[in-house]
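User: I would like to go through the terms used for this structure and check each one against its definition.

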Amino acid sequence: MEERKTEFTKKYEGNNSQGSKSNQESTFYPFPAGAAKRKIHKTNLADTKTTIDLVKNSEKDAYYFRALEKRGIKLNQSQLEAVRHFTGPALVLAGAGSGKTRVLTSRVGYLIAYHQVAPSQILLLTFTKKAADEMKERLSTLPGLSWQMVRHILTGTYHSIFLQILRGQGDRRQILSNEKHKHTILKIIMKEMNLSDAYEPETLVALLSHYKNKMLQVSDLPEKSPVDKEIKSILQTYEQRKRENNYMDFDDILLDAYHLLKNHPGLLHTLQGRFQFILCDEWQDTNPIQYELIKMLAAPQNNLFVVGDDDQTIFEFNGADSSII
């Protein structure tokens, strides 16, 4: 084993024997230990410049970035470009831990502090309530933003925002959020149809959700086979029971909001006028109906700023469509 030392080992030992740390650090080994063909490519270090170096005091918006720096927020070149983006659509691709939330919140502050955008004209969408609360907390610490101003920025999940729109139009249905309750309703329906244990309730709920996320209603379900017809009949009865008991589920919130905005152009125009700037987090998790709703609200100015990690699209969370990002 001693006689078969690789070139890498010999070089390392040679440097070690000289006792020179600088020599060890400067030596470049073009091949992995024991290999003769697979070359190791040098990787350049990332630029470490931040707004401290990138934004000169003579620039008009320097005061905002100086104020961010005092709060420990120092943006790199790419983050700075994203924050400074003003009108028109923008897609920001960024990996985990790269400061996506910092960019989103800093941009909101920049729109208000530098461009004088009214907080009520900004819509900030997240995928979880926890993320929405964190955004609000961070926004309140930004220069020039008070808690009252932050309260006027409409921040929340897709479901909470579009539920507010439905409630504003007089929709008072209860939210059917308990999965076991849904399964029980479906089991009762199948028993009444003499189809007990013919289908798993979990599968039926998932199928219905899949269709609704693609903006399809139960009436749009296929009837090509006897199984198709049975499933459609079960789900039609299920939807009828929900209506009779004044229920809607989370998928109904988005689907009904979609049809509401499509059928009431006056309401859509009002919302488009209110939300001049729309920002969306976790864009890789967007499904077709969420995308259509956002496109409707963002038109015609299309000041849509979205942030996501395209490496996470493989998860296809909640019906997410990777082609959207």
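Analyst: Helices (H or I, at least four residues) and strands (E, at least two) are DSSP runs, numbered from the N terminus. By that rule the chain has 15 helices and seven strands. This is a predicted model, in which local features need pLDDT of at least 70 and side-chain atom pairs count only at pLDDT 80 or more, while totals for chains, interfaces and linings use all residues. Residues are numbered from 1 along each chain as its sequence is written, and side-chain values use heavy atoms, with hydrogens and water left out.

User: Why is Thr 105 called buried?

Analyst: Buried means under 20% relative accessible area, exposed over 50%, and partly exposed in between (1.4 Å probe, protein chains only). Thr 105 has a relative accessible area of 4%, so it is buried. Thr 105 lies in helix H6 (residues 100–113). Contact means heavy atoms within 4.5 Å; leaving aside neighbours within four places in sequence, Thr 105 is in contact with Met 135, Arg 138, Leu 139 and Leu 142. Over the chain, buried residues make up 43% of the 325 residues.

User: Is Lys 212 buried or exposed, and how do you know?

Analyst: Its relative accessible area is 2%, so Lys 212 is buried. Lys 212 is found in helix H11.

User: What makes the pair Lys 212 and Glu 239 a polar contact?

Analyst: A polar contact is a pair of N or O atoms within 3.5 Å; within protein, one must be able to donate a hydrogen and the other to accept it, and residues adjacent in sequence count only if both atoms are side-chain atoms. The side chains of Lys 212 and Glu 239 make such a contact at 3.1 Å. Not counting residues up to four places away in sequence, Lys 212 also touches others, including Asp 249, Asp 251 and Asp 252.

User: How do you know that the end-to-end span of helix H10 agrees with its number of residues?

Analyst: The expected span of a helix is 1.5 Å times one less than its number of residues. H10 (residues 179–192) has 14 residues and should span 20 Å; its end C-alpha atoms are 20 Å apart, which agrees.

User: Where are the buried residues of H10 placed around the axis?

Analyst: The buried residues are Lys 182, His 183, Ile 185, Leu 186, Ile 189 and Met 190. They cover an arc (taken from the directions from the helix axis to the C-beta atoms) of only 160 degrees, which puts them on the same side of H10. These residues pack against helix H11 (201–213) and helix H12 (226–244). The face turned away from the buried side carries the exposed residues Lys 180, Lys 187 and Lys 191.
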